[in-house]
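Subject: Handover of a structure and notes on it

Dear colleague,

Please find below the structure that I am handing over to you. My notes follow it, and I would ask you to read them with the structure open.

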Amino acid sequence: MFFTLLKIELEKIFKKGRSFIGFIAIGILVPIIQIAMYSEGNDYFNMFTQTLQQQFDFSGNLLNGYLIAFIVLQSLFVHIPLLVSLIAGDMLAGEAIAGTFRILLIRPVSRFQVISAKFIAAQIYTLLLILWMSVLSMGLSVLFFGKGELFIVASTITILPQDDILWRFIIAYFYGFLSMSTVASVAFFFSGLVENSIGPIVSTMAVIIVFTIISSLDAGFIKAIKPFLFTNHLIGWRYLFEQTIDSFRILQSAIILFMHSILLFALSVYYLHKKDIMT
């Protein structure tokens, strides 16, 4: 019965036109970034490494598919939370708008099963969105730009050998799913509190913005709660591209994200179990 519910929820998601906005947006943005880097990439690379090129000799294919995939991964993660919350925020609120919540609960299944099916369906959608991004960003980039060492200029300079890159991206995309899964959980929770689809989206983005601002402050009591704000861990995948990987730090961030998702799901179940569904 549960898998039947899950199948129905997935069908509901992909019958709505808005569900394809995320896939279309990524399908447009990724090639645009790749085309821009193909035509202007060498100029940008030379601009950022101008000082270094005066001291070191660069050889090999440094403007390669791995570097483009890394750039895409950084740039799109600014927009994906909105694309994810667009669907997750409608999972429960959409039923309230349509007036079908009560009809849905008349079925011989528990509220827990209904909520769980909707929650998992939202997570599956998030996973598919990340997979779509990974195929486009990695697959097309490597196809058109080839392979090579990954040259990253940040607070420090990191050069990763070609045979030590692919596994980092695989884990990074998995971590990216975990990050966006947490965002989807936030939107899902807000979706159960209101009876419109815009509220959960706006609320989710507001929480992300507020938590990000709080994280930039250095007050004493803020420092105490910073490690527990999920926004501090959304881009923890970057640690995978350091010369020496801090596995404990990555695992700690992953656990915090996972616990946020579980807590938000539990709160959603508790609230909707107590809620008197009138429509």
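Are Phe70 and Trp237 buried or exposed? Phe70 is buried, and Trp237 is buried too; here buried stands for under 20% relative accessible area, exposed for over 50%, and partly exposed for what lies in between, with a 1.4 Å probe and protein chains only.

Before the details, some notes on the source. This is a predicted model, in which local features need pLDDT of at least 70, side-chain atom pairs count only at pLDDT 80 or more, and totals for chains, interfaces and linings use all residues. Residues are numbered from 1 along each chain as its sequence is written, and side-chain values use heavy atoms, with hydrogens and water left out.

Confidence

The predictor's confidence in each residue is given as pLDDT, from 0 to 100. The protein has an average pLDDT of 84, and 85% of the residues score at least 70. Confidence is highest in helix H9 (residues 166-191), at a mean of 95, and lowest in helix H3 (residues 50-53), at 52. Where pLDDT is low, the predicted coordinates should not be read in detail.

Overall picture

The protein contains twelve helices and two strands. Both kinds of element are DSSP runs numbered from the N terminus: helices are H or I with at least four residues, strands are E with at least two. From the N terminus on, their order is α-α-α-α-α-α-α-α-β-β-α-α-α-α.

Of the 279 residues, 47% count as buried. The accessible surface comes to about 14400 Å², and carbon and sulfur atoms account for 69% of it; the areas come from the Shrake-Rupley method with a 1.4 Å probe, and for residues only the protein chains shown count as cover. A contact means heavy atoms within 4.5 Å. Among contacts between residues at least 6 apart in sequence, 80% join residues at least 24 apart.

The aromatic pairs

A search of the whole structure finds 15 aromatic pairs. Rings of Phe, Tyr and Trp (its six-membered ring) pair if their centres lie within 6.5 Å; planes under 30 degrees apart count as stacked, over 60 as edge-to-face and the rest as tilted. Phe70 and Trp237 form an edge-to-face pair, with 5.9 Å centre to centre and 75 degrees between the planes. This pair links distant parts of the chain, 167 residues apart: Phe70 is in helix H4 (residues 65-76), and Trp237 is in the loop between helix H11 (220-225) and helix H12 (247-274). Ring pairs also join Phe70 and Trp237 with Tyr66, Phe169, Tyr173 and Phe241 in a cluster.

Phe241 is also in contact with Thr158, a residue of strand S2 (residues 157-160). Their C-alpha atoms are 8.0 Å apart, although 83 residues separate them in sequence. Thr158 is buried because its relative accessible area is 7%.

Helix H1

Which residues does Ile13 touch, not counting those up to four places away in sequence? They are Ser19, Ile87, Met91, Ala121, Ala122 and Tyr125. Ile13 is in helix H1 (residues 2-15) and counts as buried because its relative accessibility is 4%. Glu9 also lies in H1 and is buried, at 2% relative accessibility. Leaving aside neighbours within four places in sequence, Glu9 is in contact with Met91, Ala117, Lys118 and Ala121.

Helix H5 (residues 80-88) is mostly covered, with eight of its nine residues buried. Among them are Ile80, Pro81, Leu83 and Val84. H5 and helix H10 (residues 198-215) pack at an angle of about 145 degrees, with their axes 9 Å apart. Axes are lines fitted to C-alpha atoms, for helices over the stretch in contact, and angles run from 0 to 180 degrees between N-to-C directions. On the H5 side, Pro81, Leu82, Ser85 and Leu86 meet Ile201, Thr204, Met205 and Ile208 of H10.

Val84 is one of the residues touched by Thr126, which is in helix H8 (residues 111-145). Thr126 is buried because its relative accessible area is 1%.

Yours sincerely,
A colleague
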